[in-house]
Amino acid sequence: MNMIHIGEVLHRRRCELGYSQEFVAQGICETATLSRIENGVCTPSKSKMEALMQRLGLYGEKYVAYVSKSDIESDRLREEIIHCNSMKLFEKGLLKLEQLKSITSPKDHLMQQFILRSQVILGKMENGIHVSYSPEKQLALLLQAAHLTMPHFDINSLQHGLLMKDEIKIINQIAVLYSEKGEHTQAINIYRNLLKNIDTHCYSIEELCTLISMITYNYSRLLCLEKKPMEALILAEKGRHLCIVYNRHQMLPGLLVVMADCYCQLGEIEKSHQLFLQSYYTYLATDDKYNAQVVKEHCQELLGLEI
């Protein structure tokens, strides 16, 4: 088995893409640090290594790295915060976030970016009561997070360079904010530019499958709300195809609902009903009874048909 130093992998990939060391290192580490990594003089921390590889489109690559005790603790807290985010355990998540803040250097842009993004999701405690940040504050935090690793970030111009996972998640969150504020045109433009970036550059689609299918769901749903069913169908079908090909089904039932709504707008009631049925039973198969009931009621309201 051939053994290749991680620095050599980064160097080869960077040269293949024609990127300068300054471009790749931006927001992650100093250019001189990347040079030392490529030359085998030093080994980056786990978080920096992951970020550098993602910026070069090496999402699915396997590697081994020595990490410090602080790296291990940071990773543990990060995973616990992500779990709290997904389970809506806001108070517990905020406590873990404070612990992470206390051990994170202000110069660690990657972890600071994660902290800011998590603040948006977790909100804050006021007089012992959990409250969400205002949409304006959420947007300010997300833009602050984006600028940590993308100093020249412009939400209306996303075509240049490969994006890291957390950067894609931040952009998606910004689009969701605009959508929730009723600014659908701005949200649609953000999604259009984001997908254009993903389609243009060398990403590992398998590694980003769940994230891309979530973006196609959000984007196609907005297009459907704006009465653009044909555009929405093309996008939702793309997301559905990704879910099936890569066996990642988290967004599948939601995409099926969007497709059902689109066919309803096009007057194809039977196709719409069949897709509602597929979504309903997919939710049931994953023991998501709440969303199954939502789909059932939506089908009845929209088509006047029972599931």
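The structure is a predicted model, in which local features need pLDDT of at least 70 and side-chain atom pairs count only at pLDDT 80 or more, while totals for chains, interfaces and linings use all residues. Residues are numbered from 1 along each chain as its sequence is written, and side-chain values use heavy atoms, with hydrogens and water left out.

C299 has a relative accessible area of 0% and is buried (under 20% relative accessible area, with exposed over 50% and partly exposed in between; 1.4 Å probe, protein chains only). A disulfide is a covalent bond between the sulfur atoms of two cysteines. With a disulfide taken as a pair of cysteine sulfur atoms within 2.5 Å, the count comes to 0 disulfides. C29 is likewise in no disulfide, the nearest cysteine sulfur, that of C42, being 8.3 Å away. C29 also counts as buried, at 15% relative accessibility.

Helices α6 (residues 90-103) and α7 (residues 109-122) have axes that come within 11 Å and cross at roughly 160°; axes are lines fitted to C-alpha atoms over the stretch in contact, and angles run from 0 to 180 degrees between N-to-C directions. Helices are DSSP runs (H or I, at least four residues), numbered from the N terminus. The two helices, α6 and α7, are therefore roughly antiparallel to each other (angles over 145 degrees).

In the contact (heavy atoms within 4.5 Å), F90, G93, L94, L97, L100 and K101 of α6 meet M111, F114, I115, S118, Q119, I121 and L122 of α7.

Definitions and conventions
Parallel < 35°, antiparallel > 145°, perpendicular 65-115°, else oblique.
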